[in-house]
Amino acid sequence: MTEYLFVGKSVPRTIEADKVTGRAVYIDDLKRPGMLYGKICYSRYAHARIKRIDTSRAEKLPGVRAVLTGRDVPDVRVGFLKDQTVLKRDVVRQFRDEVAAVAAISPEIAAEACDLIEVEYEELPGVFDPFEAMKADAPLVHEVDARGRPLKSNILPLPWKFSAGDVEQGRKAAAFTVKDTVRTTWVNQCCMGTSGCIAEFDVNGNLTLYSQTNVIFGHVGRITEYFNAIGLKGKKIRVVNATVGGSFGTKLDTDIYEFIAIQLALKTRKPVKILFDREEEFRALPPRQPAVFDIEQGCDAEGRLTFRHVTAVLDNGAYTSWGATTPSVMMMPMSSLYRVPNVFFQATCVYTNNIYCQAMRGYGNPQATFAVETSMDTLAEAAGIDPLEFRRINRNRPGDLTPMRLKITSCGLEECIQSVEERLGWKEKRGKRNGRGVGMASLIHVAGGARVTRSDGHGIMIKVNEFGQVDVIESGTDQGQGSPTVISQMVAEALGVRPEDVSLTFGDTGLALWDAGTHASRHTFMAGNAAIRACRKAKQQILEMAVEQIPGIVKGGFKRKKRKDPEFVPPDLDYGLISDPDKLDIRDRMVFPKEAPDHPYFRVPIHFVLRGALHVGTGQSKVVAAEAFYDPPTEMLDRELKGNLSQTYAFGATGVEVAVDEKTGEVTILRMVAAHDVGKAINPTLLLGQIYGAAYTGVGYGLTEEIKVKNGRVMNPTFRDYQMLTAMDVVPVEAVIVEPDDADGPFGAKGVGEPGLVPTAPAIANAIYDAVGVRIRELPITPEKVLAALRDRDRAS
Amino acid sequence: MKKVSVSFTLNGDAVTAEVPVTWNLLKTLRDYFELTGAKEGCGVGECGACTVLVDGEAVNSCLYPVFEVEGKSVTTIEGLAGEDGALHPVQQAFLENNGVQCGFCTSGMIMSAKALLDHTPSPSEEEIREGIAGNFCRCTGYVQIVEAIDMAAKKIKQAG
Amino acid sequence: MIDYDYRKPETLEEVFGLLREYGPDAALIAGGTDVMVKIRNMKKAPPVLVSLRGLTDLRYIRKNGGYHIGGLTTHRMLETSDLVREELTALYEGASRIGSVQVRNVATLAGNICNAAPSADTAGPLLVLDARVVLQGPEGRRTVPVAEFFTGPYKTVRRPDEVVVEVEIPEETAGFGSAYFKHSRRKAMNLPILGVAVSVKLSEGDTVSDARIGLTVAAPTPVRARKAEDFLKGKPLSDDVLAEAGRIAASPECCAPRDSLRCAAWYRREIIEVSVLRMAKLAASRIKSR
């Protein structure tokens, strides 16, 4: 076992001291000279024709510099299915449709101008339920597709159909079968920093977008495409992130407000900032994708799963963003959570006049796992097997090849389930039905990248200056998870310096190589592997310099000693020890021969070598710079939606003990054990932070959070009415870090950003069932739902 | 719009702000004094990201009319570190125990923690949670924040 | 565009003078946590805000005979007062659960009841503590029982030229134990979905000699569940009796909870029924512990 100096240690976040001193600059704080403030005017109807827009009063307001409507910008479609324009021209299809935009010298004036824009609508019938929207006579949300061809249905043409093995055979082989319908709804990501950006064109028409995105290169790609369509072909784009106030999936697409900021900047020839206020963040930010699942599973008499059949209906809202792609991730738990030989999964996305959705931490996995883990519990009961034992029987194992062709390499699921069993006191607490109970759920998630684009690459560039300080130009972005510290630890370990010697830049396309995006919990894995490779090259350069420099350094030292002490006789040294780079190494800022690590003369500070190599005095001056672009040997999903899209997978199990107040339906979480297979914890304290944060969001998902949408309108757009948890809502979480050491992960590490959230809600639902015998299949599990179910239970008995 | 001239103490310095009368303390701090540590997370006193101390009490500066701060003493996150830049124990503890992730809630959270520790030097876990109940955080789940505040309380007690 | 001017009087006389001078153009602002939010949400403000923050001698908590709480006492002062916590426990519980520490540091008791939200957290406690609201105007002082103070959602009997200078609670209340239950989905930063306040006084043998039940978010104004109170008087403090009292309190005889965004009416009734029992027992235990 290698003794690491920094990897595995809880190095503090000293590198981010700006955040605790109020110095960190978020988009909110960023100002550009001459900057204007943009504000978007939204539709007042869920579905309507725009008959007339009168912007004259807004234009006359002093301080207003531009007013744009759909007629003022090219009618170019954006979005992953190209189903919306930047400003809506003739028809609005949801309440948060952008109908006009204003740029003014202050946010207050911009807001006032928005209120002065008069829009006349002709209301159209709307459809607010995906099942209604699928019916033949439902009003069409879109009449034509991106190419202008007429549409006959609200069902999106997306290929979410997965099939492996023979489900019919599986049904026949099943001794026990269960069917469940589960529902999940919209929840808001609730980043504390709201959405916003600053768009600025230079005199030559090149764009700099100050952003908060997770996907700086994705932005460049999408904006380039937009530019090509609006007559700006060939103009350059630089995306530069400010400090980001949280993302949780909100910043994976190029949002309409960003295109609007670009249009306003184009019009005014000034930098334009658009910043959402909190109400806008609740009303206009695409939230987590809701889904309704019909899930059927069966097992044999020994409890081994024989099949899993799932159909899902997704309320897509009026347009498409990444919400419509969540089925591609849902496929992973559907096909690969637990060993199940025969699988069918089909997801239908349906246009409605509700709000559309994007990614949120877990990206479809929390929704799908709620379905799978509800069904696992009901099936365990049907089979007369303890639910935890049932999971154990069907657990994934190292070396598995799943129906989706995912290659399971390292897998700590067994240990995770074991941890839950022991630490929760499962055997003692289970089955009492006395108002207290335990439940559990597991997870699988990608943890070694995720090939969702043709390249899953991640680049890193490293330079080492003459003082031994390292600059790392990272291609990923930082949302606050701790990447600067974690990556500085890995670089320090790989190169032989200390974390405090490392400076990093993130999120700048002008500097960085390329990265597919900081998503899918891939950052540590990808950046770490890229860093190790780059550091290997940089180290080689330094060691080659050392071979040249050390003899001179040593001899220079002897000369100085001789001058002081004429009696001094230089010792006979074996210069063979340092004659080749392969004979040397670097550790804790010191270069030394491997065969004599404590050599009195050949062990020299790294900066001696670097300075010596730079300040040569001849034409042989050298610097240290290296880059690496790491794209793991994984596969794209094929036509059957199968393929090993990640290099490794994360596993985990969450167990929950709850108390249910049978008079009020209120659920109290007494204890939570969250066991996660993380490969290796590069920084245990930071890793715990990911588990705790994700667990809390999972509890909110399970018990309290929902965006209430009525006829397309968000009814609770404030923190007062949107029930995100506070510090008083105690969830006693015990996090267990399981480290099976992944062979492909940097220092054995796998991703952990999303997994913490995934099994939480179903574990709670399962615990409630154990406590009081009622099963709630719809999130969030509010006291009303529990109490109503308890009343039904009492009536039935 | 009328302008108002308000004189008060800001992070130990006597200052005067000349700002529109309708400004709140948050906007005054951010736009007039360029102290952007306090953030607008909601603008209606529901998230705590704008928390600063007025006469030692934690308040939501987004709801504090600027004309009410006349003669008072305001402390913001920027005024917490020592003259020599030494971090306050709460700031240090947040860095050591991962109490800060994205950092957006952090300025307000630390000011609430400071107010708590000034009033209750050895708070129980429940008292800590109550003291920061008005500060939302989405990243941390509050666990390491509560631990950090406890660590800081113990450090302050040792030093004092 | 939001625009307003402000005045900062230092005495009540100055306040009345300003209210007279500006008439309907003036609005009182104390802690500001309701007024500032309203201005922001409605995007307009009254032309003149008359700030009461300078009236520092209206911040007090005293006991001499009865209890006297100055109108501008903050919820934080109520929360940290031993007297309130021990002897007016329901008020301590109501005040201590409003919003957050940041809100409670500036928000005032008068502000809370003058805003008169059907969900006001101090309303239920004040009802069961038999509080009286002391209003002062240019013509003089008058006292209104809190049960008559609220006339509708966000409406009170306060005239535009009056200030709530004090809330007084009679000496007799000292013989009661009290409790307040705030039902909400999370433990802080919430308006109550339902509030149940109870105070009880016992005579020999654990018989209820007097009881008061205050309900919030169960009617257009905070209300006393008088039929349930009458039922309780003279009866033993048993679970059966309390359960029945709860049923009466939750029934249309005493309240009219609505379906709302936050909660369904049927559930509100359930909570009332359960909480009356629980809060009555808690309140009774507080008498015993004195």
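Angles under 35 degrees count as roughly parallel, those over 145 as roughly antiparallel, those from 65 to 115 as roughly perpendicular, and the rest as oblique.

## Basis of the model

This is a predicted model, in which local features need pLDDT of at least 70 and side-chain atom pairs count only at pLDDT 80 or more, while totals for chains, interfaces and linings use all residues. Residues are numbered from 1 along each chain as its sequence is written, chains are lettered from A and ligands numbered from 1 in the order in which they are written, and side-chain values use heavy atoms, with hydrogens and water left out.

## Helix packing in chain A

Helix α9 (residues 365-383) and helix α10 (residues 387-394) of chain A pack with their axes 9 Å apart, at an angle of about 110 degrees. Axes here are lines fitted to C-alpha atoms, for helices over the stretch in contact, and angles run from 0 to 180 degrees between N-to-C directions. The helices α9(A) and α10(A) are therefore roughly perpendicular to each other. Helices (H or I, at least four residues) and strands (E, at least two) are DSSP runs, numbered from the N terminus.

On the α9(A) side the contact (heavy atoms within 4.5 Å) is made by A:E373, A:M376, A:D377, A:L379 and A:A380, and on the α10(A) side by A:P387, A:F390, A:R391 and A:N394. These residues divide into five nonpolar, one polar and three charged. In this division Ala, Val, Leu, Ile, Met, Phe, Trp, Tyr, Cys and Pro count as nonpolar, Asp, Glu, Lys and Arg as charged, and the others, Gly among them, as polar.

## Interface of chains B and A

Contacts link 42 residues of chain B to 50 residues of chain A. The buried area, meaning the accessible area (1.4 Å probe) that two parts lose on being put together, summed over both, is about 3,800 Å² for chains B and A, and carbon and sulfur atoms give 59% of it. In chain B, the residues that lose the most area to chain A are B:L95, B:F136 and B:R138, together 23% of what that side buries.

Five salt bridges are counted between chain B and chain A, a salt bridge being a side-chain nitrogen of Lys or Arg within 4 Å of a carboxyl oxygen of Asp or Glu. B:R138 forms a salt bridge with A:E705, at 2.8 Å from N to O. Helix α2(B) gives the most to the side of chain B that touches chain A, with four residues. That side divides into 18 nonpolar, 13 polar and 11 charged residues.

## Interface of chains C and A

Chain C places 21 residues in contact with 28 residues of chain A. The area buried between these chains is about 2,200 Å², with 52% given by carbon and sulfur atoms. C:R185, C:R186 and C:L261 supply 31% of the area that chain C buries against chain A, more than any other three residues.

There are five salt bridges between chain C and chain A. C:E270 and A:R791 form a salt bridge in which the closest N and O atoms are 2.6 Å apart. Helix α12 (residues 265-288) of chain C gives the most to the side that touches chain A, with six residues. The residues of that side divide into 11 nonpolar, two polar and eight charged.

## Backbone features in chain A

A:L779 and A:P780 are joined by a cis peptide bond, with omega about -10 degrees. A:P780 lies in the loop between α17 (760-772) and α18 (783-796) of chain A.

A:F248 is not a glycine but has a positive phi of about 50 degrees. The loop that holds A:F248 runs between β13 (237-241) and α6 (256-268) of chain A.
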